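Please keep the sequence and the 3D view open while reading.

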Amino acid sequence: MIMRQTEQRKVLICIPTFNESDNIVPLVEKIYHLLPDIDILVVDDGSTDGTREKIIELTKQYSHLKPFFRKRDGGLAGAILAGFHYAFSHGYEWVLTMDADFSHDPHDIPRFLKLASEEKVDVIIGSRHLRGGGVRGWNWQRHFLHFLSRMYVTLLFGRFTSDFTNNFKMYRVDDLRRFPLEEIMLRMGPGFVGHTLLIYLFSREGYRIRELPVVFPDRQQGRSKMSLREMLIGSLAILKVRLSLKKLRSLSTAREDKVSQGISRQF
Ligand SMILES: Nc1nc2c(ncn2[C@@H]2O[C@H](COP(=O)(O)OP(=O)(O)O)[C@@H](O)[C@H]2O)c(=O)[nH]1
Ligand SMILES: [Mg+2]
């Protein structure tokens, strides 16, 4: 799928990294092989395994690659937020977030771009739960935990998308600006709570959400930073968010035109 240069220049790809030295070089090379004109922002939080040095090396070869180095304890949600702010201040139309560990297949990126250029849409989510999508290489415990977390969120909030925790998403920048992102992404609990809440608010306010089926292979290199502890803390945080739904009203700014037209999520 060949994307026009102009389409690529509107998009910022934001990749958060923490200790991804085995993945970052092949990942960036693969993306530039597919999309030579796209801008990539790699937000690294104090990696100690040589990831930063590799990013710096890569910038010598790829002029559209931007490094953003932060302190150790930035956290995933903060890294993504940094990517959003970068997109705000540099005039991008779209920001696409993806993991560095090849769980998000670079070959899917042109599908996101194509959909954004062809349809009126505000958020595109890579979904593992649509026909054609899926996960590969998880053990039964990981499947079970994932299943439980989906059930739990669906019970609390209803079914607003088929996949709300996958970080493979593309947002229209002007829409993102309408939300108090610090409050949503940083103050509500661990990273995935903010992700879930943000998509919930997009859905509730009638923004146009589309989902694309994606296959999510488990990481081959490096270690996951998600812990059981974080999942438990997150589960309590989500319950707290649900109990304060009234307060959430002030966390979102309805987009009158879309709400009144009744254009809502499509999946
Ligand atoms: N910048 C930054 N990136 C992080 C942090 N924690 C995780 N990541 C990155 O976020 C992505 C997803 O993390 P991962 O450990 O694979 O989580 P999992 O897929 O849920 O197991 C990967 O690209 C990580 O390198 C962090 O604190 N800061
Ligand atoms: Mg991962």
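Just after helix 9, G206 has a positive phi of about 85 degrees. The model is a predicted one.

**Helix 9**

- Helix 9 covers residues 191–204, and at 1.5 Å a residue its 14 residues should span 20 Å.
- Most of helix 9 is covered, with 13 of its 14 residues buried.
- The positive phi of G206, about 85 degrees, comes just after this helix.

**The chain as a whole**

- The protein chain contains twelve helices and nine strands.
- Its radius of gyration is 18 Å, close to the 18 Å that the globule rule gives for 267 residues, so the chain is as compact as a globular protein of that length.
- Along the principal axes, the C-alpha atoms fill a box of roughly 50 × 40 × 35 Å.
- Of the 267 residues in the chain, 39% are buried.
- Among contacts with a separation of 6 or more, 85% join residues 24 or more positions apart.

- An open sheet is formed by seven strands in the order 3-2-1-4-7-5-8, and its pairing is mixed.
- Strand 3 (65–70) and strand 8 (209–213) are the edge strands, each pairing on one side only.
- From one strand to the next, the twist averages 20 degrees.
- Helix 2 (residues 24–34) packs on the sheet and touches strand 1 (11–17), strand 2 (39–45) and strand 3. The direction of helix 2 makes about 165 degrees with that of strand 2.

**Strand 8 and its partner**

- Strand 8 pairs with strand 5 (residues 123–127) in the parallel sense, over five bridges.
- I125 has E211 of strand 8 as its bridge partner, and S127 stands opposite P213 in strand 8.
- Strand 8 pairs on one side only. Four of its five residues are buried, so strand 8 is largely enclosed by the rest of the structure.

**The shell around ligand 1**

- Ligand 1 is surrounded by 19 residues, of which the closest are P16, D45, A79, A100 and S224.
- Strand 1, strand 2 and helix 4 (76–89) each supply at least two residues of this shell.
- Strand 2 gives the most to the shell, with three residues.

- N19 is a residue other than glycine with a positive phi, near 55 degrees. N19 lies in the loop between strand 1 and helix 2.
- N19 has 19 C-beta neighbours inside 10 Å and therefore counts as partly exposed; the cut-off for buried is 20 or more.
- F102 is not a glycine either, yet it has a positive phi of about 70 degrees. F102 lies in the loop between strand 4 (94–97) and helix 5 (109–118).
- F102 counts as buried because it has 21 C-beta neighbours inside 10 Å.

- V135 lies in strand 6 (residues 134–136). With 17 C-beta neighbours inside 10 Å, V135 counts as partly exposed.
- Apart from its neighbours within four places in sequence, V135 is in contact with R128 and F216.
- V135 and H85 are 50 residues apart in sequence, and their C-alpha atoms are 31 Å apart in space.
- G91 is placed in the loop between helix 4 and strand 4. With 10 C-beta neighbours inside 10 Å, G91 counts as exposed; the cut-off for exposed is 12 or fewer.
- G91 and L12 are 79 residues apart along the chain, and their C-alpha atoms are separated by 9.6 Å.

Notes. Residues are numbered from 1 along each chain as its sequence is written. Chains are lettered from A and ligands numbered from 1 in the order in which they are written. This is a predicted model: local features need pLDDT of at least 70, side-chain atom pairs count only at pLDDT 80 or more; totals for chains, interfaces and linings use all residues. The expected span of a helix is 1.5 Å times one less than its number of residues. The radius of gyration is taken over C-alpha atoms; the globule rule is 2.2 Å times the number of residues to the power 0.38. Two residues are in contact if their C-beta atoms, placed from the backbone, lie within 7 Å. Two strands pair if DSSP finds at least two bridges between them. Axes are lines fitted to C-alpha atoms, for helices over the stretch in contact, and angles run from 0 to 180 degrees between N-to-C directions. A residue is near a molecule or strand if its C-beta atom, placed from the backbone, lies within 6 Å of it.
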